[in-house]
Amino acid sequence: MPDWIAHLMFGTILSFLLGIKGEKRIIFLIGNLMPDFLRFPIFITEFLNQDLLSEFISYPINESSHSIIGVLALASFISIFFEESLEPLESGLIKHQLNSNKTGFKFKLDKFQSIWQTKIENPFFLLFLGGLFHLFLDSFMWPWAGGINWLYPLDFAIFRWSFKLWWPSSFDAIILLFPIFLISLILKTLFHFYKVKKKSKF
Amino acid sequence: MNNKKTIKRILIFGIIIIGSIFFGVIWFLNPPIPTKWNEDPYRIDIYDLYKFANVVENEQIVLYQGINDYNYSESSDILSILIKDTFHNIQITIQFNNWSKHEKYNIIDIGIGSSYCIKGKSLLISEGIILGIDIVEIHGYRTNILSLAGLAIIIPLIFYYFKIDFKKLKLIHKREKKSNRGS
């Protein structure tokens with residue numbers, strides 16, 4: 001796995017791009033780390049030197065958590081602890097209704113935006129999306145994990161994907177992501193100041 | 001959130017945990033034949049190497065293991081690495097020919113107990129010997145340390161989300177003061 005710093009950086013960049021703001025960003029970031037939460041049995045069994053438990057329990061759990069079905073189950077469980085906020089959902093729907101008289105591409109874009117706004121209010125969706133991006137970043141590793149088994153328990157080579165970009169224990173992930181993270185952070189700050197300036201004019 | 005939904009979600013989570021253990025056990029007892037994808041080396045462990053010797057013979061393989069012992073012969077310039085699987089009680093020897101000409105690693109870099117990813121060609125499988133082509137050390141602890149740093153970021157964020165005040169957290173339970181001493 002790439003380390004959590006890399007996952008958090010990747011999650012933050014994506015939250016900027018996808019317009020996931022405020023407290024929703026925290027849920028999304030938790031989703032980005034979520035599949036690794038079930039790695040702790042590996043540390044325990046390795047620390048206790050229990051090969052049997054490691055082979056039969058820790059590794060299968062870790063393998064399944066790094067798959068679509070595992071991410072679904074984890075997102076479903078963790079979303080219990082997060083409440084769905086309805087206020088922006090209502091505003092999104094209102095916005096959609098207001099713009100419904102528009103036609104063409106702008107109308108479609110508006111519709112998509114309002115649907116997206118309602119979707120990201122759902123903690124389950126945010127966690128699931130974050131989990132999928134975790135798997136995506138993990139699939140850049142090679143050959144330690146040998147790719148991500150997206151369709152666990154189907155373990156055919158065709159279902160194990162890897163972009164083979166970096167070694168998992170190296171700093172490659174951080175080094176590659178840091179410039180993009182920095183640029184996105186600067187752009188986000190600039191946009192924020194631009195918005196504040198625009199508001200103050202009116 | 002209603003209780004039914006919560007129970008349903010906990011059940012889904014429980015099923016995936018138990019299901020993965022179930023599949024993991026089946027996997028372990030009867031592992032699937034390793035398959036090659038897009039001309040990549042076979043990604044296998046020592047046990048697979050023994051079990052599917054006829055499948056992977058003379059093929060490129062990738063092993064990710066911690067090494068148990070090594071020996072370097074200066075006269076023949078061969079580095080031999082011994083990897084054991086204590087669970088199955090099997091071992092293999094990986095030989096690197098012309099080790100002094102190896103670009104990435106020196107003999108000093110090899111450490112017992114460290115984990116390495118070894119790319120090799122599986123030969124003479126019946127004797128448990130494979131010919132090493134490439135070797136790269138894996139620093140699992142480095143990933144774990146950086147992940148702990150990530151934990152230091154996510155925990156305050158979770159505290160912020162749930163509006164938990166750090167200052168109000170007290171690990172020591174204090175006795176309540178008695179207000180009416182006279183009574």
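Helices are DSSP runs of type H or I with at least four residues, strands are E runs of at least two, and both are numbered from the N terminus. The model described here is predicted.

Chain B holds 4 helices and 7 strands. Read from the N terminus, its elements follow the order α-β-α-α-β-β-β-β-β-β-α.

Chain B has 183 residues, of which 19% count as buried. Among the contacts in chain B with a separation of 6 or more, 42% are between residues 24 or more positions apart.

## Contact between the chains

Chain B contributes 41 residues to the contact and chain A contributes 38 residues. On the chain B side, the elements giving two or more residues are helix H1 (3-29), strand E2 (60-66), strand E7 (129-138) and helix H4 (140-161) of chain B. H1(B) supplies the largest share of that side, with 14 residues. By class, the side of chain B that touches chain A has 27 nonpolar, 10 polar and 4 charged residues.

## Domains of chain A

Chain A is assigned two segments to domain 1 (4-83 + 122-201), while domain 2 covers 85-121. In the contact between these domains, 6 residues of domain 1 of chain A meet 4 residues of domain 2 of chain A. The domain 1 side of this contact consists of 3 nonpolar, 1 polar and 2 charged residues.

## Helices H1 and H2 of chain A

Two packed helices are described by the angle between their axes and the distance between the axes. For helix H1 (residues 4-18) and helix H2 (residues 22-33) of chain A, the axes come within 9 Å and cross at roughly 140°. H1(A) and H2(A) are therefore oblique to each other, since an angle counts as roughly antiparallel when it is over 145 degrees. The crossing of H1(A) past H2(A) is right-handed.

From H1(A), the residues in contact are Trp4(A), His7(A), Leu8(A), Phe10(A), Gly11(A) and Ser15(A); from H2(A), they are Arg25(A), Phe28(A), Leu29(A), Asn32(A) and Leu33(A). By class, this contact has 6 nonpolar, 4 polar and 1 charged residues.

## Helices H2 and H8 of chain A

H2(A) also packs against helix H8 (residues 123-138) of chain A, with axes that come within 6 Å and cross at roughly 40°. That angle makes H2(A) oblique to H8(A). H2(A) passes H8(A) in a crossing that is right-handed.

On the H2(A) side, the contact includes Lys24(A), Ile27(A), Phe28(A) and Leu29(A), and on the H8(A) side it includes Pro123(A), Leu126(A), Gly130(A), Gly131(A) and Phe133(A). The contact of H2(A) with H8(A) comprises 11 nonpolar, 5 polar and 1 charged residues.

## Gly11 of chain A

Leaving out residues up to four places away in sequence, Gly11(A) touches Phe28(A), Leu29(A), Asn32(A), Gly130(A) and Phe133(A). Of these, Phe28(A), Leu29(A) and Asn32(A) are among the H2(A) residues that meet H1(A), while Gly130(A) and Phe133(A) are among the H8(A) residues in contact with H2(A). The C-alpha atoms of Gly11(A) and Gly131(A) are separated by 9.9 Å, and the two residues are 120 residues apart along the chain.

Note on methods:
Residues numbered from 1 in each chain as written. Chains lettered and ligands numbered in written order. Predicted model: local features only at pLDDT ≥ 70, side-chain atom pairs only at ≥ 80, totals over all residues. Axes fitted to C-alpha atoms, helices over the stretch in contact; angles between N-to-C directions. Parallel < 35°, antiparallel > 145°, perpendicular 65-115°, else oblique. Left-handed = near helix turned anticlockwise from the far one by under 90°. Contact = placed C-beta atoms within 7 Å. Nonpolar A, V, L, I, M, F, W, Y, C, P; charged D, E, K, R; others polar. Domains from an automatic or database assignment. Buried ≥ 20, exposed ≤ 12 C-beta atoms within 10 Å, placed from the backbone.
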